[in-house]
Amino acid sequence: MDLFEYAASKKRESSAPLASRMRPRSLDEIVGQEQIIGRDRMLYRAIKADRLRSIILYGPPGTGKTTLAEVIAHTTAAAFTTINATSAGKKDMEEVVSKAKESLGMYGRRTILFIDEIHRFNKGQQDYLLPFVEDGTIILIGATTENPFFEVNGALLSRSLIFELKPLSKENIETILRRAVSDPERGMGSFDAVLSEDACSFLADMADGDARAALNALELGVLTTERSEDGQIHVTLEVAQECIQKRMARYDKDGDQHYDTISAFIKSMRGSDPDAAVFYLARMLNAGEDIRFLSRRIMICAAEDVGCADPMAIVVAASAAQAVERIGMPESQLILAEAAIYVATAPKSNSATEAIFKAEKAAAETKITIPSYLQDAHYGGSSRLKRGIGYEYAHDFPKHFSKQRYLPEELGDTRFYQPSGQGHEKTIQRYLNWLHEDLTEDSAGGYHHKREN
C-alpha cells in the first residue's frame, strides 16, 4: 500500500458510518452473544488459539456476524479474505482458491474466506467451494440471516459448525450506545455529545436487538442536533424519538421470521389465546404480510383445530377470506382480527382431521368392494348387473334413518369419526347415539352396528 492508498483508506475509515467504525476489534470488546463467545465457550477458545475450523454464523441483522468475522481477521495469523455473495461470482471464488493454494503450498499459511450473505450463493456456487473446504485449502466463515438448514448445502453444513447469534438484549445495546457516544477515536466523543438515560433506553428498546439500527439513530441525532448554550450536543428523548419513529421490527417475509411468526399465530389460535393470536396477526400486518395468506391460515386452523366443535368457525373464516379480497387494507385488519378471535375462542376438536387421515390410510391400504346396493343404478343395464338392488332409502324409515351398512364389508365396524365431546360435537354425539339407541353401545359411549347372525 503506497502513501495515497493509505490516505484514502484512512479517509474511508473516518467517513464510515458510526456502526462500522464502532465494530469491536477484539473478542473482549464484543458485547453480547455470551452463549457462543463467552470466555469458557469453544468458539472463543478456538479463535484465541487460532485453531478455527469452518463455521456458519446465523442470526438477524445487527447481531454481530460481520463483527465476529472481522475480530477473527484481526486475531488470526491466517490469510483473511472477504467476498459478498450478493456481488461475487465464480471468477472471484476461483481467484480466492488460487491464492489460497499458493499461500498454503509456498508458505504453509492457511486462508480464511469470509462469505457474507452466503445464502445468496446458488447450489452450483456452494458446490464449487466444497472440495477446498474438505481438503483444508480454505477455512470457511459464512454469514447468513436465513436458516442455514434451508439455504446452505447439506454437504457444506456437515463440514461446518453452526453458531446462532441471538438478537442483542436491551442492556447490550445500551452498553454499545454509551461506548459509542463517549469514544473520541471511533465514536462521537469528539462532538462533546451527551446521551440522556431515557434517550438511551428508548433507542435500545426501539432497535429491537439490532445494534446497527441503534447506532445509526444515535449518529443521526448527534449530527443533526444544534449545540446547547453549554456547548454540548444533547441527545434527548425527543431527539431520539425523531431518529427512530417506528420499532425496527425483525421480519423477513421470505425468512425465519415469516415462518416463526405464522407458526406462533396458528398455535395461539389452536391454544385458545385470542390475545396472542391478535398480537402475532398485528406483527405480520405491520410487516406487510399478504392478507390473503393470513386469511388462508385462519381457514385452515378453523377446519383443522376447531372442526365440528363449532361448524360456524369455517364459515366465519371463509367469509373473512372473501371479504379481505374485496376490501383490502387497512380495513381488512378488522376482518382478520375478528376471524382470528372467533377461531381462537371457539371450542376445539381435531376429530374431523383425524377422521379423514384415518380414512385416507384405510383407503390406501384396503382393497374393498362397494356394496352392490350402494352402487349407481342410473344407467342402462344396471338392473341386470343387480346394481342398486336392495338400497334402503333413509327417508322411508323412522328417524329418517336406515340400519343398512354403508361401509364395505372389508372394513367391518371401523369408526373413523369419533366426536370429541367438545362444543357442538356434544350435540353430534347425542344425535348419533339417538339414531343408534337400539344398537350396541361401546365402552366409550359411542356406537357401532350390531353384527347380523
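## Helix H16 against helix H18

In this predicted model, helix H16 (residues 291–306) and helix H18 (residues 332–345) have axes that come within 10 Å and cross at roughly 15 degrees. Because angles under 35 degrees count as roughly parallel, H16 and H18 are described as roughly parallel to each other. The crossing in which H16 passes H18 is left-handed.

On the H16 side, the residues that take part are Ile291, Leu294, Ser295, Ile298, Cys301, Ala302 and Val306, and these meet Ser332, Leu336, Ala339, Ala340 and Val343 of H18. Sorted by class, the residues of this contact between H16 and H18 comprise 10 nonpolar and two polar ones, with no charged residue among them.

## Helix H16 against helix H17

Helix H16 also packs against helix H17 (residues 312–327), the two axes coming within 8 Å and crossing at roughly 170 degrees. Since angles over 145 degrees count as roughly antiparallel, that crossing makes H16 roughly antiparallel to H17.

Here H16 contributes Ile291, Arg292, Ser295, Ile298, Met299, Ala302, Ala303 and Val306, which meet Ala313, Ile314, Ala317, Ala318, Ala321, Val324 and Glu325 in H17. The contact of H16 with H17 consists, by class, of 12 nonpolar residues, one polar residue and two charged residues. Ile291, Ser295, Ile298, Ala302 and Val306 of H16 are listed in the contact with H18 and also in the contact with H17.

## Leu161 in strand E5

Leu161 belongs to strand E5, which covers residues 161–164. With a relative accessibility of 39%, Leu161 falls into the partly exposed class, because that class lies between the limits of under 20% for buried and over 50% for exposed.

When residues up to four places away in sequence are not counted, Leu161 touches Met42, Ser54, Ile55 and Ile56.

## The chain as a whole

The protein chain contains 20 helices and seven strands, and of its 453 residues 44% are buried. Where contacts join residues at least 6 apart in sequence, 72% of them link residues at least 24 apart. The accessible surface of the chain amounts to about 25000 Å², and carbon and sulfur atoms account for 52% of that surface.

Definitions and conventions:
Residues are numbered from 1 along each chain as its sequence is written. This is a predicted model: local features need pLDDT of at least 70, side-chain atom pairs count only at pLDDT 80 or more; totals for chains, interfaces and linings use all residues. Side-chain values use heavy atoms; hydrogens and water are left out. Helices (H or I, at least four residues) and strands (E, at least two) are DSSP runs, numbered from the N terminus. Buried means under 20% relative accessible area, exposed over 50%, partly exposed in between (1.4 Å probe, protein chains only). Contact means heavy atoms within 4.5 Å. Accessible areas come from the Shrake-Rupley method with a 1.4 Å probe; for residues, only the protein chains shown count as cover. Axes are lines fitted to C-alpha atoms, for helices over the stretch in contact, and angles run from 0 to 180 degrees between N-to-C directions. Angles under 35 degrees count as roughly parallel, over 145 as roughly antiparallel, 65 to 115 as roughly perpendicular and the rest as oblique. A crossing is left-handed if the near helix is turned anticlockwise from the far one by less than a right angle, and right-handed if clockwise. Ala, Val, Leu, Ile, Met, Phe, Trp, Tyr, Cys and Pro count as nonpolar, Asp, Glu, Lys and Arg as charged, and the others, Gly among them, as polar.
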